[in-house]
Amino acid sequence: MDAMQLNTPVTELNGVGQTRSRLLSRLGIETLGDLLSFFPRTYEDRTKIVKLCDMQVDVPACFRATVISLPRTSRIRKGMTITKLTVSDMTARIRIVFFNKPYITDQLHYGEDYLFYGCLREGYGLQIQNPDVEPVRDDRTKTGRILPIYPLTAGLTNYQLCSYVQQAVRSCLAQLPEILPDSVRKQYDLCGIREAYAAIHAPKDHEQLARARRRLIFEEFFLFSAGLSILRSSREKQLVEPWETADLSLFRAALPYTLTGAQQRAIRDIAESLRTGVRMNRLVQGDVGSGKTAVAAAAAFLAHHAGFQTAFMAPTEILAEQHAKTLGALLGKLDIEVVLLTGALSAPERRWVLSRIEDGHAGLVVGTHALLTDRVTFKNLGLVITDEQHRFGVAQRAKLAGKSAAPHMLFLSATPIPRTLAMILYGDMAVSVLDELPPGRKKIDTFLVDESKRERAHAFIRAQVMAGHQVYVVCPAVEDNEDFPLKSAEVWSDHLQKEVFPDLRVGLIHGRLRSEEKDQVMQRFSQGELDILVATTVIEVGVDVPNATLMVIENAERFGMSQLHQLRGRVGRGESQSYCILFSDAKNEEARKRLKALCASNDGFYLAEQDLALRGPGDFFGSRQHGLPQFRVADLQLDMKTLREAQDASGVLQSEEVLHDPAYAPLLERIKQLFREKGDIFQ
Ligand code: ADP
Ligand code: MG
């Protein structure tokens with residue numbers, strides 16, 4: 001065999017041809033290096049062989065036993081077989097059943113001994129279902145070890161993956177470069193990279209596995225924090241002329257309400273940043289309805305009086321329109337011109353708007369995220385505000401930060417991120433939290449119901465509409481799908497319109513519509529031309545429709561808690577009492593806990609902490625749209641201590657010398673790679 005390199009394609013391995021390499025590439029594995037970094041999903045502890053009499057219910061274990069009855073297969077229903085046999089190990093005898101594995105009768109011989117790994121279950125009497133079986137031989141591969149279990153794809157077995165990974169370990173482990181500085185490894189007692197990779201794939205014992213995991217987790221956090229800290233320090237070097245910040249009493253006088261304490265604090269934070277002479281990079285985090293728009297308006301006011309223009313970017317055109325309207329009304333009173341730049345403008349309108357931006361008359365320019373990439377020339381852009389920043393990953397932030405001119409940056413986010421996580425996600429930013437809602441907000445009454453309440457829910461929807469209000473109905477899917485029996489927006493809206501509410505006006509909105517179509521539907525709903533809007537989560541960041549008082553969510557268990565909270569925030573924006581009905585037939589204990597927590601609380605931050613505790617951060621954020629890094633080994637919740645250490649350690653990269661020290665070159669290269677080419681791992 002030729003010398004294998006980390007970038008050698010997997011096809012060079014024994015047993016991997018075209019077919020298998022295609023399967024491997026489905027798992028993102030192309031090279032031996034990829035195999036090395038393909039970490040097990042979990043492990044099965046097969047180090048101890050227990051006596052049958054010592055087995056505990058629902059605790060997986062290895063045991064050695066003799067087959068003492070002939071395995072018998074019977075058909076229980078169409079396409080389903082069950083094979084039963086009895087085994088014994090002198091301490092006890094137990095029944096084993098296999099589902100849909102009739103061929104097992106050829107492998108298990110009467111009177112012979114085998115090694116089994118499985119779980120004792122209660123139910124149909126005590127039995128063990130579908131255990132893993134291995135003959136008692138010296139060359140056995142599973143028993144006696146901590147067995148790595150890899151993520152799989154159809155057509156590949158765990159056994160095959162183990163064997164490929166081990167080939168990669170044998171041939172190119174030694175080529176893995178050590179990227180953690182020696183000093184850091186010593187200080188935090190971390191094993192070397194080769195030891196870590198060898199052990200993560202074939203741990204000798206739990207202690208060794210724990211050491212390997214610690215090292216790899218540390219490394220992930222370290223790279224991430226170090227990257228953010230480089231981002232931050234590069235920004236800290238971006239000096240700008242310090243701004244003179246105007247007195248805000250005029251601004252306050254123009255508001256139809258009094259600012260909350262939290263809003264005042266956030267505005268003070270912003271004003272302070274603007275005065276320092278270092279480019280601002282600040283996140284304003286506040287639950288839905290906490291009044292982030294007013295904070296943004298204050299920032300635009302400050303920019304205007306310092307002689308600068310502000311760009312305000314919203315995630316959708318319709319949201320941009322809404323912001324332009326509210327901000328225009330408020331800032332207009334203060335003699336600040338607000339213009340809206342969207343794709344919907346006619347050519348002459350667009351020309352006029354562009355000229356107002358270019359000659360500096362427009363003090364605030366509202367548009368979508370395309371605003372900065374469009375060929376728009378500002379006379380004097382000083383501040384960029386991004387609304388609903390949770391859709392904005394670190395990679396995009398880095399890109400924005402790299403823009404030639406250096407405007408101050410302000411991000412608004414409604415995703416309630418637990419403090420612990422915010423610390424990592426926004427390590428490169430200053431954060432202001434709006435932890436206070438404007439006074440007089442009514443709690444949205446939330447109910448968890450199952451299908452038996454369907455008629456009552458229909459009646460409730462009708463009652464709300466009859467009272468002059470509007471209703472959202474959210475479904476987890478766009479169209480029906482045989483594999484997942486979920487309510488789909490298309491089918492369900494059709495059903496509601498035709499069968500249940502033929503006399504009401506039912507609309508439909510989902511992500512597959514073109515954006516003009518979406519805007520049109522949303523427009524009709526917000527102007528009261530629709531009574532019921534059946535939607536997918538596209539309405540999550542949406543237009544304010546204060547007249548909407550009821551949110552019905554179908555298959556609620558399919559959504560993350562944060563997402564449900566966000567969706568629920570679409571109602572309760574007006575004077576009237578608002579409601580949220582969560583439909584779910586899920587029996588799953590944890591899912592029910594989450595949904596009940598939602599019924600009990602309207603506090604997004606509290607719910608976020610709860611969800612984090614219940615499910616861990618991956619699920620909390622539901623999908624990958626939230627800018628949360630995808631850690632491969634680390635668990636943000638369990639590994640907080642390591643995270644803090646890694647954050648401290650990443651401070652070494654603050655010093656100039658280190659950045660030019662060749663010993664750190666591979667590390668810096670790796671960080672650059674993560675942030676630039678594979679920016680998506682941070683999304
Ligand atoms: P979000 O933080 O979700 O963007 P908005 O800025 O849209 O919240 O504000 C939600 C509503 O609360 C708006 O109708 C706004 O006019 C109102 N509002 C904002 N601040 C206050 C306040 N201090 N007192 C009363 N109402 C407020
Ligand atoms: Mg908002």
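Two strands are taken to pair if DSSP finds at least two bridges between them, and the helices (H or I, at least four residues) and strands (E, at least two) are themselves DSSP runs, numbered from the N terminus. The structure described here is a predicted model, in which local features need pLDDT of at least 70 and side-chain atom pairs count only at pLDDT 80 or more, whereas totals for chains, interfaces and linings use all residues. Residues are numbered from 1 along each chain as its sequence is written, chains are lettered from A and ligands numbered from 1 in the order in which they are written, and side-chain values use heavy atoms, with hydrogens and water left out.

**The seven-stranded sheet**

Under that criterion, strand β12 (residues 309-314) pairs with strand β15 (residues 381-386) in the parallel sense over five bridges, and within this pairing Met-313 has Thr-386 of β15 as its bridge partner. Both strands belong to an open sheet of seven strands with parallel pairing, whose order is β13-β14-β12-β15-β16-β11-β17. At its edges stand β13 (337-341) and β17 (430-434), each of which pairs on one side only. Neighbouring strands of this sheet are turned by 20° against each other on average, direction ignored; axes here are lines fitted to C-alpha atoms, for helices over the stretch in contact, and angles run from 0 to 180 degrees between N-to-C directions.

**The six-stranded sheet**

A further open sheet consists of six strands in the order β18-β23-β22-β19-β21-β20, again with parallel pairing. Because β18 (445-449) and β20 (506-509) stand at the edges with a single partner strand each, one side of each is left without a neighbour in the sheet. Between neighbouring strands of this sheet the average turn is 20°, direction ignored. The partner of β20 is strand β21 (residues 532-535), to which four bridges join β20 in a parallel run, and Leu-533 in β21 is the bridge partner of Gly-507.

| α12 (residues 347-358) | β12, β13, β14 (362-368) | about 135° to β13 |

**A hairpin and its parallel neighbour**

Strand β4 (residues 80-88) runs antiparallel to strand β5 (residues 93-99), the two being joined by seven bridges, and Thr-83 is bridged to Phe-98 in β5. These strands form a hairpin with four residues between them, and in the turn Met-90 has a positive phi of about 80°. β5 also pairs in the parallel sense with strand β8 (residues 127-129) over three bridges, where Gln-127 of β8 is the bridge partner of Arg-95.

**Surroundings of ligand 1**

Ligand 1 is surrounded by 15 residues, the closest being Thr-258, Gly-289, Lys-292, Thr-293 and Arg-441; a residue is near a molecule if one of its heavy atoms lies within 4 Å of it. This shell divides into four nonpolar, seven polar and four charged residues, where Ala, Val, Leu, Ile, Met, Phe, Trp, Tyr, Cys and Pro count as nonpolar, Asp, Glu, Lys and Arg as charged, and the others, Gly among them, as polar.

For polar contacts between ligand and protein, the criterion is a pair of N or O atoms within 3.5 Å. A polar side-chain atom of Gln-263 lies 2.9 Å from a nitrogen atom of ligand 1, while a backbone N or O atom of Thr-260 is 3.5 Å from a nitrogen atom of the ligand, and a polar backbone atom of Ser-290 is 3.4 Å from an oxygen atom of ligand 1. Taken alone, ligand 1 exposes 570 Å², of which the protein buries 76%, the accessible areas coming from the Shrake-Rupley method with a 1.4 Å probe.

Note on methods: Polar contact = N/O pair within 3.5 Å; in protein donor to acceptor, adjacent residues only side chain to side chain. Contact = heavy atoms within 4.5 Å.
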